[in-house]
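Reader: Hi, I have a structure to look at today. Can we go through it together?
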Amino acid sequence: MNAPNAADRLARADADVKVVRTACPHDCPDTCGMLVTVKDGVAVKIQGDPSMPFSEGTLCTKVSHYLERSYAPDRLLHPLRRSGPKGAGEFRRVSWDEALDEIAARLKALAASPEGAESILPLNYAGTMGMVQYSSMDRRFFHRLGASLLDRTLCSSAGKAGLKATLGASVGMDPERFSEARLIILWGANPIVSNLHLWPRVLEAKRRGAKVIAIDPYRSLSAEKCTEHVAPLPGTDGALALGLMHVLVAEDLIDRDYIARCTLGFGEFAERLQQYTPEWAARICGLRVEEVVQLARDYGSAKPAAIRLNYGMQRHAGGGIAARTIACLPALTGAWRDAAGGILLSTADFYDFDHAALERPDLLAGRTPRVINHAAIGEALTGAQPPVRAVIVYNNNPVAVCPDAEKVVAGFKREDLFCVVMDSFLTDTADYADIVLPATTQLEHYDVHKSYGHLYVLANNPAIAPVGEALPNSEVFRRLAARMGYDESCFRDSDEDICRAALGSASPRMQGIAWEVVKESGWQRLRVDERFAPFADGGFPTPSGKCEFYSAWLRDQGFDPLPFFNPPAESAASSPELARQYPLAFLSPPARNFLNSSFANLKRFRDQEGEPHLEMHRDDADARGIAGGDRVRVFNERGSYTLRARVNDKPRRGVVVAPSVWWRKFSPDGRNANSVTSQRTADLGGGATFYDCLVEVEKA
Ligand SMILES: Nc1nc2c(c(=O)[nH]1)N[C@H]1C(S)=C(S)[C@@H](COP(=O)(O)OP(=O)(O)OC[C@H]3O[C@@H](n4cnc5c(=O)[nH]c(N)nc54)[C@H](O)[C@@H]3O)O[C@H]1N2
Ligand SMILES: Nc1nc2c(c(=O)[nH]1)N[C@H]1C(S)=C(S)[C@@H](COP(=O)(O)OP(=O)(O)OC[C@H]3O[C@@H](n4cnc5c(=O)[nH]c(N)nc54)[C@H](O)[C@@H]3O)O[C@H]1N2
Ligand SMILES: [Mo]
């Protein structure tokens with residue numbers, strides 16, 4: 001049990017005041033523990049739970065104002081029915097019964113039609129990452145219905161598949177050990193913005209003398225504060241890793257004992273590496289040869305060395321193989337031997353939550369519905385056969401966040417598409433809905449959370465009653481299931497039943513972690529050592545149990561079983577013709593004051609971000625007659641949008657950066673970064689390739 005903490009002290013001090021243990025629901029590796037103070041049924045204060053070891057009582061700039069989100073003046077309070085043209089955002093109030101009766105009738109009719117239930121598509125992602133509201137009653141409902149399945153590829157699936165090839169699963173080093181590392185590489189990672197609670201650990205390591213190196217085409221807020229910044233061309237990280245490994249082997253900076261005991265395929269791999277000289281890597285990456293060699297020597301000689309890889313680098317056509325290649329590094333040098341060494345992209349697969357109990361895929365009863373890729377939803381909504389006739393959108397704002405937005409909008413505009421959007425706000429997507437259903441925020445429902453950036457299970461207790469007539473996703477699907485006549489008992493589970501089911505696995509790491517306990521304490525660490533060094537002696541979750549330089553899993557899918565360089569689809573080297581027309585690489589990474597498109601509707605956060613802006617290198621701006629403060633138009637064959645130029649030399653030459661994701665309706669010309677991004681998918685996992693995107697920029 002956790003020691004008595006601020007929650008208990010506060011509660012004792014004032015008997016009328018209740019302090020509720022909650023968890024941050026957002027799609028962020030930090031999954032913070034939070035305390036919400038409630039007075040007379042109103043949440044009056046939100047703070048980090050000081051007892052929670054990873055987030056240590058601090059919240060980010062966004063979630064420290066979460067109460068403003070829950071009580072926002074533009075919260076949706078009632079179900080709505082469309083009264084104007086699609087996209088106009090004109091609605092009239094209806095009752096829950098009216099809304100749900102109509103949805104059930106439409107779904108029943110589609111399921112009974114010749115096209116069947118596959119004409120229905122759930123569109124949901126990670127607006128909340130709690131198991132109850134993200135993947136439980138909803139999945140059961142759609143499995144029972146036999147709807148099309150959604151492949152959720154918007155964020156991490158290429159990198160996940162890359163890790164699976166090399167390490168066996170989405171597993172990595174414990175972020176709490178970063179403070180003890182002697183060298184830290186922030187590889188396509190900007191923790192000050194997107195992984196805030198790792199940052200104090202990076203600073204602590206730096207204070208103790210560690211070198212901290214950022215690898216990023218953009219001098220991000222974090223890169224600015226590192227000891228060194230290496231800025232490769234976007235999408236060339238795999239080549240950089242191969243060049244580093246060439247030097248490590250050539251200069252014998254490798255751990256032969258670890259390699260012999262804990263890795264597979266070193267002989268063939270070492271032979272392959274011979275061709276990837278530092279000269280070759282430097283040419284591909286647009287770096288100096290000395291930069292590559294020095295980085296290899298730094299990495300090979302500092303012990304322990306920790307790599308924080310983030311998902312930015314895998315949003316490219318070659319992103320999956322790149323992540324797989326980079327993940328080979330710590331096994332080559334034996335960095336895994338130490339708890340403060342290794343690589344961290346995700347910790348998600350250390351959690352053995354019972355997903356089958358949550359999602360009940362058995363309700364498909366042998367049916368195998370088609371699978372639709374979330375990253376190519378524009379294509380699916382405009383061209384799939386048989387057509388998609390109905391979409392149920394929740395935890396997702398596809399019109400703002402999916403690539404090739406003009407195609408996405410064309411899909412959502414279809415008069416014959418029945419569209420339901422469940423959200424707390426009238427998003428860019430909700431404007432196209434036939435029926436809008438008001439959703440609870442994290443203060444108003446139960447949930448249980450894992451994390452992809454630490455090793456704790458967290459509970460979320462409801463702090464306040466739902467605002468207006470809002471309902472949790474789970475309750476909406478419970479009520480819809482009843483209307484559809486689904487009588488399996490799982491459709492009557494309460495939210496707490498679902499939390500219990502999530503934690504029901506018998507796996508050793510889940511021992512002693514039970515809903516009744518975590519609900520009281522707010523958090524519990526997985527059953528792993530305090531100084532968790534997961535692969536100190538191998539034991540990787542791969543088929544061989546070793547770190548796989550040679551992957552039979554990739555070979556069986558028709559890929560090269562050894563690491564290789566898979567170039568981006570849009571770059572001067574890989575598509576010179578295209579690059580002559582559109583010479584600038586366009587990156588649209590997370591804005592500090594938004595969480596994907598969440599929070600971007602609230603004035604406080606928009607004010608903090610200023611306005612949609614494009615950061616440019618002076619040479620690129622000069623060549624186009626652009627000065628800081630000018631309105632500029634970013635365009636390519638897919639679309640265009642306008643924003644304000646900031647000439648600051650933070651992106652490397654040839655790269656432009658537009659912090660995202662702004663809502664279209666809060667942008668100058670009603671469009672955003674995704675007007676230019678593409679639906680092309682990555683080499684592995686069907687992943688989205690938001691940052692593999694060439695554009696031209698001109699003065700507007
Ligand atoms: N404040 C805030 N926090 C967030 C989010 C947010 O929107 N706002 N989003 C959350 C989500 S959904 C996710 S997935 C996570 C992680 O989100 P990520 O998208 O990984 O974001 P960052 O960690 O900011 O890393 C992005 C960095 O990668 C760089 N980059 C882009 N392309 C390349 C490349 O080819 N090579 C290299 N080396 N670097 C490249 C960008 O310039 C940027 O600085 O963050 C989460 N946290
Ligand atoms: N150009 C560009 N596009 C990107 C990215 C980028 O870096 N650049 N990043 C990509 C990445 S990494 C990701 S993860 C995706 C994220 O894409 P999404 O998962 O769609 O994330 P959000 O934009 O935050 O939208 C989530 C929506 O869910 C709603 N929501 C939150 N909680 C609940 C709930 O309990 N119930 C219901 N019904 N709704 C809820 C929120 O109000 C919000 O409108 O975007 C991707 N798109
Ligand atoms: Mo993401």
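Reader: Ligand 1 first. How far is an oxygen atom of ligand 1 from an N or O atom in the side chain of Ser 194?
Author: That distance is 2.6 Å. Keep in mind that this is a predicted model. Asp 216 also comes in: a side-chain N or O atom there sits 2.6 Å from an oxygen atom of ligand 1.
Reader: What about the backbone of Gly 312?
Author: A polar backbone atom of Gly 312 is 2.8 Å from an oxygen atom of the ligand. The protein covers 99% of the 900 Å² of accessible area that ligand 1 has on its own.
Reader: How many residues surround ligand 1?
Author: There are 34, and the closest include Asp 237, Arg 315 and Phe 594. By class, the shell has 19 nonpolar, 9 polar and 6 charged residues.
Reader: New topic. How much space lies in the second largest pocket?
Author: About 830 Å³. Its lining has 32 residues, and among those nearest the centre are Tyr 134, Ser 156 and Lys 450.
Reader: Which helix gives the most to that lining?
Author: Helix 6, with 4 residues. Helix 4, strand 7 and helix 16 each supply at least two.
Reader: And the classes in the lining of the second largest pocket, what are the counts?
Author: The lining has 13 nonpolar, 10 polar and 9 charged residues.

Key. Residues numbered from 1 in each chain as written. Chains lettered and ligands numbered in written order. Predicted model: local features only at pLDDT ≥ 70, side-chain atom pairs only at ≥ 80, totals over all residues. Heavy atoms only, no water. 1 Å grid on protein atoms, 1.4 Å probe; cavity = no way out; pocket = protein on both sides within 12 Å on 5 of 7 lines; lining within 4 Å. Points joined across faces, edges and corners; volume = space filled by probe spheres on them. Nonpolar A, V, L, I, M, F, W, Y, C, P; charged D, E, K, R; others polar. Near = heavy atom within 4 Å. Polar contact = N/O pair within 3.5 Å; in protein donor to acceptor, adjacent residues only side chain to side chain. Areas by Shrake-Rupley, 256 points an atom, 1.4 Å probe, with all protein chains shown as cover.
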